Amino acid sequence: MLRLTDRSHAAAMIHPFGERQEKTYQKLNPSPSPLPLRKEKRGRRRIPSLPPLALFTFSLALCICLSLWGVTSAAETQVPSFQDDIVPVLTRFGCNSGGCHGKLSGQNGFRLSLRGFAPQQDFESIALEGRGRRISPAVPLRSLLLQKAIGTASHRGGVRFDADSPASRLLVDWIRGGMPGPVANEPALMRLTITSIPDRSVLKPGESVSLKVTASYDDDTQRDVTWLTNFATGDSTVLQVTEAGLATAVRAGETVIRASFREEIAVATFTVPFDSQPDPALYVARHNAIDGPVFDKLQALRIEPSADCDDATFLRRASLDAIGVLPTADEVRAFLADDRQDKRMHLINSLLDRPEFVDYWTHWLADLLQNRKERDHDVRGTKGVRGFHVWLRRQVAAGRSWKEIASTLLSATGSTTENPAVGYFIVTVGEQEAEKSEVADSVAQAFLGTRIGCARCHNHPLEKYTQDDYYHFVGFFSRVALQRKKPEEGPTELLVATRHLLNLRKELDNQMAKLSELEHPASDATPPDTSQLENVRKRIEDLKRQIESVENSPVEVRQPRTGEVLPPRPLDRSDVALASGTDPRETLIDWMIDPSNEHFSGAMVNRLWKHFLGVGLVEPVDDLRATNPPSNLELWKVLNDAFVASDFDMKHVMRLIMNSRTYQLAIDTNDSNALDHRFYSHFQPRRLPAEVLLDAICCATGQPESFAGYPKGLRAVQVPDPFTDSYFLTMFGRAPRTTACTCERENDVTLPQLLHLQNSDELTAKVKSPDGRLAALLKRYPNDDRLIEEIYLATLSRFPSTSERDAVRAMFDDGDRDQTAADLFWALLNTSEFTFNH
Amino acid sequence: MFDLRFPNRRDFLRVGGLAPLGLGLPTLLAAESQAGQNLSGPAKSVILVFLGGGLSHHDSFDLKPDAIEEIRGKYRPIDTNVAGVRIGELLPMMSQTMDKVCLVRSGAHNNDHHETATNWVMSGRFGSAFGDWPAMGAIVAHESGFPGTLPPYVAIPRNPSFTWELGKSAFLGGRYESFKAGDPNDVNYRVRDVARAEPLPEVRVQRRRTLLQSVDGLARRVENNDQLAAYSQFQQRAAEMVLSGEARDAFAIEAEADQLRDRYGRTTFGQSCLLARRLVERGVTFVTVNFAGWDHHAKIWPGLESKLPDFDRGFSALVTDMHQRGLLDQTLVVAMGEFGRTPKINKDVGRDHWAPAASMLFTGAGVKTGKVIGATDRDGAEVIDSPVRPADVAFTILSSLGIDPRKQLVTPDGRPVEILDEGERIEELYV
């Protein structure tokens, strides 16, 4: 008899994104039934007619199987189901994984769908392909399928399970039972539930729990599928899990276990608090709504927060994060001299109003919205890229909300010169038909923080998105048609139509011209042939009919694998009504910007949070899904609510984040928080982004960079085109904007970067320049102490400590003043204190 | 298997905060030098001479003297120091070096687009023109790690490019891109960022060393941050490279005897070959020498007459020099382009792109020399014996270094992918 206990955290793991999320996720993850489970009911499967002897053998085998499944009564006999038993075995033992037979080309001639997303195809591969050579109905254990898996035939994938294992017996039973293929009317799998024995979600290092996974079907039956479940841990340094589902806490922290069976995935969160007894006073100070959830979580985990950062550090941190600019020596002095209690708040307000704010966030959005030239056959040229950049700049400067920017951009029509926002579709649709292009992937990733690209070819491995969901979603873009022109032939236009429709209209125009030529011949021409005239008129009528029919045809997209024609439908599978003759994108936008759509608000909030705190609440930052919950659900809610309540005002969220105590913690780690990267117990130092670092170097040395085609003095964050030649920016990993993935921006620290910083001609010239900062400081400050101070202010935006000043002054006493100063300047530019935000 | 079980290696190298396994960079670097030691194939290094644009096989290594005039072209075959093997008359020095190489006349694939084909042959996997798959050099850097003071993957003078850069590290990330050596034939050749930007007296070198070590206190305040750890580690290594001079020495082509430099030819290609030898001698694992400009759609005769002699001199010098120094025992040298050229000479007296047939050269690391593998038909149009596909070449190169070409890598979005999804070792090279 199976027994499951309903627990409060079981609900949380199914609804990892909280209440507002429910609306979006409801259809994907219905609430688990609170009822205790009844005995597994397995009589739903049809038994094929079999000869009596086979039936007897089969029943015998089934008894063994069922007893293994913990079912006490085997009175009802049945053949294993292809979808519910056989495919899960193939998935559980890795046969259909992406590295083996599940990859597109298969392995060694045997091809399965990735994790069994296409059961009919798998059935054909297993049972029918090669005239059934993989199956030996007479002696099932001699089937190639089994021999490979149990190791009696040579198999590069090795032995997957033993001959007398449940998996092997299941396959044998299925073969003996006549190898039924997928059955359409089988009860549908509705959800999975994870429970742990003992029933605990808070563990100490070294403690273990056994996980049990229960599948629920739409006929109200339930089944223990633990042995067919694949388990994975979110962080193996915190929690490890065995194939059989034994989860063991390794060290303090919090993470999730994901359990997947067929196309369902469930998640359970486990907390492993630290062993320390921190002073409760550490968690008391809170600046705003953000700090509650952060410090509550830290207290629950018994992680000690770091101290607050000092004022100079805060000034530098806030300036670099909010406007991408290094503070000047004067700004440092003024801020340190300011004795107002709330000077940090005033600083934040003034930063968010600076003109450089517009530059920086235009650049930031241009990365997200992929503003670049097309890699081949570009129709816009640098001019078009600049046009879109200027358009974005206007949006930011006018303080338009993310909702407004997104709606305007995604519904853009017209020519690139009239409406530069069309550029977004030029880059993402390119030369393809919209429904075959990357536009759906890009929109989902940039605006919804969802990676659906994988579902183009196979079901999403970690989320419920199927290939059908993908093509339903693609449908919203099926009326985007680009009339592409070479730049010299005029601007490219986006029309709400299909390519087919554009072709028909073009043909109609041609025929109309022809008709008018025939009807009004030049006086000296021969009179028109009436039959020709008649043909053209007929053709015109026909074209008009075709155009009308196409214009009135429902918006649909063909799913290439199944051939099924699918209407547009959002990713949460909610019903949307498409008014005929309208742009389907409008319907998508309405769904998207609905305040209850946490994917839209959450994607932006998570990106902003990552921008300021270094690590997203959800990581990777554009991979929001039920199975990848935020590291602090309460904080997630606070941020999303704040964003929605402000009507999607990005600046409002930035202000909230920057004013929080959380954002103002120092980087210095202590014994209890050194391992924490997800709970914001200390600030995460990180290398400056390529453009900001280059601008900081220019600012410190007083020597601006020159970019070909742009006036000298233009800062790197102001350059619109990511293909603008720059050895530095390429080396430090600016985003090429080829996809919407944030992973494009390279944050790696590499050896060539360090070589460049230490030894490049460019940097050396900037430091040594006679009209540079160092030369000016040397002239202006004959006093060594003062000179040292000014060099520190120009580079690290702080005063040197007494010991630093003394150590450096000793070098000045021993050496040539100019050269020592140059060496100091060089060394400070090379510190991580300069190249990192901290 | 469930994909999440595999750590995502690339993310892992990104922001320290994200490292899903929480390993610090020092652990990673240790693991990497470990990996470096694990590369245990017959070859310790590889030099890939890439003839971008597509060398005409008809006019170099696969002459068809019996074909009609508009196919056989202008050049006569000449005898070589291997009985029965004849090559084009523009290759007199190679003709005396054929005993030290293995000629493959059966390179074959089916894509005649420069970018797509280049990325294909440089990675061994077919993908888009924009480079979906990491080039072999990047794979090698990924597998070998950064064991010495020199970068593991160097491109001389730079990566191939027609319009955009090719042969990149794709999803492996910027860490594994080639180090670009620049043109060693420049009179004032200096390697960007390695050669000292300004002459520094010893006292300043010392002062900079001291300052660098003393002024940067950030790493000491933060534990367990991969980016900071990497920064400190690479900062030291870069300082060693710049200040100690070991790396500069590797690139110091002027240290080679004038006579030898002349033997390689005072051309970009010749000196690139010589620099490649210096680098593998000092422990660089993968060097590409990129020699572009073989796309002779028009006026092919003057084109070849200006380029083939450079190749003839430079490549024969490389093979001979490497042979004399015993470097071929542990270095695999390969020369190839992205495809061959059309049999028929076109109206502009040129040959166009032709993917079904191309010639390649192999030597070193156990390759049996003085022989020919494969053949094309009478017109040099189709391979009729032992076709060698891009994946076979990549398989041979990688396995020669001891890298399992079927090894799985993980893309940033978590997809497990094999380094190569097809191909096998070119066994004829070794028998």
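I count two residues as in contact if their C-beta atoms, placed from the backbone, lie within 7 Å. On that basis, residues 24 or more positions apart account for 65% of the contacts in chain A with a separation of 6 or more.

Ground rules. This is a predicted model, in which local features need pLDDT of at least 70, side-chain atom pairs count only at pLDDT 80 or more, and totals for chains, interfaces and linings use all residues. Residues are numbered from 1 along each chain as its sequence is written, while chains are lettered from A and ligands numbered from 1 in the order in which they are written.

Chain A overall. I find 32 helices and 15 strands in chain A; helices (H or I, at least four residues) and strands (E, at least two) are DSSP runs, numbered from the N terminus. Along the principal axes, the C-alpha atoms of chain A fill a box of roughly 105 × 105 × 50 Å. Of the 838 residues in chain A, 50% are buried. A residue is buried if 20 or more other C-beta atoms lie within 10 Å of its own, exposed if 12 or fewer, and partly exposed in between.

Helix pair. I looked at H21 (residues 598-613) and H23 (residues 650-659) of chain A, whose axes come within 10 Å and cross at roughly 40°. Axes are lines fitted to C-alpha atoms, for helices over the stretch in contact, and angles run from 0 to 180 degrees between N-to-C directions. H21(A) and H23(A) are therefore oblique to each other; under 35 degrees counts as roughly parallel, over 145 as roughly antiparallel, 65 to 115 as roughly perpendicular and the rest as oblique. H21(A) contributes A:Met604, A:Val605, A:Leu608, A:Trp609 and A:Phe612 to the contact, and H23(A) contributes A:Met650, A:Val653, A:Met654, A:Ile657 and A:Met658.

A:Asp321. Is A:Asp321 buried or exposed? I find A:Asp321 buried, with 20 other C-beta atoms within 10 Å. A:Asp321 sits in helix H9 (residues 311-323) of chain A. Leaving aside neighbours within four places in sequence, A:Asp321 is in contact with A:His611, A:Phe612 and A:Asn837. The C-alpha atoms of A:Asp321 and A:Tyr360 are separated by 9.2 Å, and the two residues are 39 residues apart along the chain.

Chain contact. I note 62 residues from chain A and 59 residues from chain B in the contact. Elements of chain A that each supply at least two residues to the side touching chain B include strand S7 (253-261), helix H30 (802-814) and helix H31 (817-829).
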